Amino acid sequence: MFTRTESFRDFIRFYPVISFIIVIHILLYLLTALPIFPNQYLLERLAGVNLYIVNGEYWRLVTPIFMHAGFAHMLFNSFSLVLFGPALEQLLGRTKFILVYLGTGIAANVATLLLEPLTYTHVGSSGAIFGLFGFYISIILFRKAMLSRENSQTILTIAIIAVLMTFFQSNINVSAHLFGMLSGFLIGAAVYRR
């Protein structure tokens, strides 16, 4: 389930939403990293800045989901999406997967707005990725038969490690991680408790 054996072409064909999100990650990273573009301007316009959000720049609740602070940040989040996103894209279908991904990412950014100071600035898709973990946890609790025991244990182990690492690494948006996961769990619970 979490082992990728597809060719590059098959991955794009089977998981078009994830492929598109990763293309956006890479494109935005290149636009902010290469000196031929007005990279600081783009980062300043798309990063989540709480002060600007409360002053009406509401797109900043969405755009940080696709922006990253450096190559390693972009690579790690994209790699996490490649590992853990495909099973959900297949399970939910394209539209519902987009709604879960964006919904949890936005919820993470709203939590950041409410819990962090007005001067707080943030980028990264980890809130949405933690949302996917939360959604998986709801499946494990409410629809055990949908995942094998091995896959359930893998998800729970990685989710626990990810939450623990949230508190031990510097420059981590703790609010986004925790509330991304919580929102993913709540969305999944709303879907699967019935």
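User: Which residues line the second largest pocket?

Analyst: Remember that this model is predicted. Start with the lining. For the second largest pocket it consists of Phe 8, Phe 11, Ile 12, Ser 19, Ile 22, Val 23, Ile 26, Met 74, Leu 75, Ser 78, Phe 79 and Val 82. Next, sort those residues by element.

User: Which elements supply the lining of the largest pocket?

Analyst: At least two residues each come from α5 (71-92), α6 (94-115), β2 (121-122), α7, α8 and α9 (174-192). By class, the lining has 20 nonpolar and 16 polar residues, with no charged ones.

User: Turn to helix packing. At what angle do α7 and α8 cross?

Analyst: Read a helix pair in steps: axis distance, angle, hand, then contacts. Helix α7 spans residues 126-142 and helix α8 spans 149-168; their axes come within 10 Å and cross at roughly 140 degrees. Only angles over 145 degrees count as roughly antiparallel, so α7 is oblique to α8. The crossing of α7 past α8 is left-handed.

User: Which residues of α7 and α8 meet?

Analyst: From α7, they are Phe 130, Phe 133, Tyr 136, Ile 137 and Ile 140. Their partners in α8 are Ser 152, Ile 155, Leu 156, Ile 158, Ala 159, Ala 162, Val 163 and Thr 166. This contact of α7 with α8 counts 11 nonpolar residues, two polar and no charged.

User: Is the crossing of α6 past α9 left-handed or right-handed, and at what angle do the axes cross?

Analyst: Angle before hand. The axes of α6 and α9 cross at roughly 135 degrees and come within 8 Å. That angle makes α6 oblique to α9. The crossing is right-handed. On the α6 side, Val 100, Thr 104, Ala 107, Ala 108, Ala 111, Thr 112 and Leu 115 make the contact. On the α9 side, Ser 175, Ala 176, Phe 179, Gly 180, Ser 183, Gly 184 and Ile 187 do.

User: How do the residues of the contact of α6 with α9 divide by class?

Analyst: Eight are nonpolar, six are polar and none is charged.

User: One last pair. At what angle do α2 and α6 cross, and which residues meet?

Analyst: The α2 and α6 axes come within 9 Å, crossing at roughly 45 degrees. Roughly parallel needs an angle under 35 degrees, so α2 is oblique to α6. Pro 16, Val 17, Ile 18, Ile 21 and His 25 of α2 meet Arg 94, Phe 97, Ile 98 and Tyr 101 of α6. The class count for this contact of α2 with α6 is seven nonpolar, one polar and one charged.

Terms used:
Residues numbered from 1 in each chain as written. Predicted model: local features only at pLDDT ≥ 70, side-chain atom pairs only at ≥ 80, totals over all residues. Heavy atoms only, no water. Axes fitted to C-alpha atoms, helices over the stretch in contact; angles between N-to-C directions. Helix = DSSP H or I, 4+ residues; strand = E, 2+ residues; numbered from the N terminus. Parallel < 35°, antiparallel > 145°, perpendicular 65-115°, else oblique. Left-handed = near helix turned anticlockwise from the far one by under 90°. Contact = heavy atoms within 4.5 Å. Nonpolar A, V, L, I, M, F, W, Y, C, P; charged D, E, K, R; others polar. 1 Å grid on protein atoms, 1.4 Å probe; cavity = no way out; pocket = protein on both sides within 12 Å on 5 of 7 lines; lining within 4 Å.
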